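Colleague: Could you walk me through this model, starting with the terms and then going from the fold to single residues?

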Amino acid sequence: MDLPQGAVVFAIHQGYQVYWMEVMGSQDPPVSLYMEGEPAPMMRWSSFTEFLNAEYSNAYPGF
């Protein structure tokens, strides 16, 4: 899979998961997660803020 033009990769997990932001002039750009072997991103968040909140909720359920 090719990254969109202008994408910024900000995390890679053990070489098989890649997180990137689609920087389009937005202060809070959408985020995508790609997993090796998949034809398309397996998860998308509408903003970096939504991504951070989701990750926090997963790490600390009940808060």
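Modeller: Gladly, and here is the term to begin with: buried means under 20% relative accessible area, exposed means over 50%, and partly exposed lies in between, with a 1.4 Å probe and protein chains only as cover. This is a predicted model, in which local features need pLDDT of at least 70 and side-chain atom pairs count only at pLDDT 80 or more, while totals for chains, interfaces and linings use all residues. Residues are numbered from 1 along each chain as its sequence is written, and side-chain values use heavy atoms, with hydrogens and water left out.

Colleague: Thanks! What share of the residues of the protein chain counts as buried?

Modeller: The protein chain has 63 residues, and its C-alpha trace spans about 35 × 30 × 15 Å along the principal axes. Its accessible surface, from the Shrake-Rupley method with a 1.4 Å probe, comes to about 4500 Å², with 54% belonging to carbon and sulfur atoms. The buried share of the residues is 24%.

Colleague: Which pattern does the protein chain follow along the sequence?

Modeller: Helices (H or I, at least four residues) and strands (E, at least two) are DSSP runs, numbered from the N terminus. By that count the protein chain has 1 helix and 4 strands. Read along the sequence, the pattern is β-β-β-β-α.

Colleague: What is the order of the strands in the open sheet?

Modeller: Two strands pair if DSSP finds at least two bridges between them. E1 (residues 7-13) and E2 (residues 17-22), for instance, run antiparallel and are joined by 6 bridges. The open sheet has 4 strands with antiparallel pairing, in the order E1-E2-E3-E4.

Colleague: Which strands stand at the edges?

Modeller: An edge strand here has a single partner strand, so one of its sides is left without a neighbour in the sheet. Neighbouring strands of the sheet are turned by 20 degrees against each other on average, direction ignored. The strands at the edges are E1 and E4 (43-45).

Colleague: What angle does the direction of helix H1 make with that of E4?

Modeller: Axes are lines fitted to C-alpha atoms, for helices over the stretch in contact, and angles run from 0 to 180 degrees between N-to-C directions. Contact means heavy atoms within 4.5 Å. Helix H1 (residues 48-59) packs on the sheet and touches E1, E2, E3 (31-35) and E4, and its direction makes an angle with that of E4 of about 115 degrees.

Colleague: Which residue in the hairpin of E1 and E2 takes a positive phi?

Modeller: Most residues other than glycine have a negative phi. This hairpin has 3 residues between its strands, and histidine 13 stands opposite glutamine 17 in E2. The residue with the positive phi, near 50 degrees, is exposed at 67% relative accessibility: glutamine 14.

Colleague: Is leucine 33 buried or exposed?

Modeller: Leucine 33 is found in strand E3. Leaving aside neighbours within four places in sequence, leucine 33 is in contact with Gln17, Val18, Tyr19, Pro41, Met42, Met43 and Trp45. Its relative accessibility is 4%, so leucine 33 counts as buried.

Colleague: And where does serine 47 lie?

Modeller: Serine 47 has a relative accessible area of 12%, so this residue is buried. Beyond neighbours within four places in sequence, serine 47 is in contact with Asp28, Pro29, Pro30 and Val31. Its place is the loop between E4 and H1.

Colleague: Last one: which residues form the nonpolar patch on the surface?

Modeller: Patches are made of residues with over 30% relative accessible area and no salt bridge, joining like charges within 9 Å and nonpolar side chains (Val, Leu, Ile, Met, Phe, Trp, Tyr) within 5 Å. Valine 9, in strand E1, is partly exposed at 39%. With about 260 Å² of accessible area together, the patch is formed by Leu3, Val9 and Ile12.

Key:
Salt bridge = Lys/Arg side-chain N within 4 Å of Asp/Glu carboxyl O.
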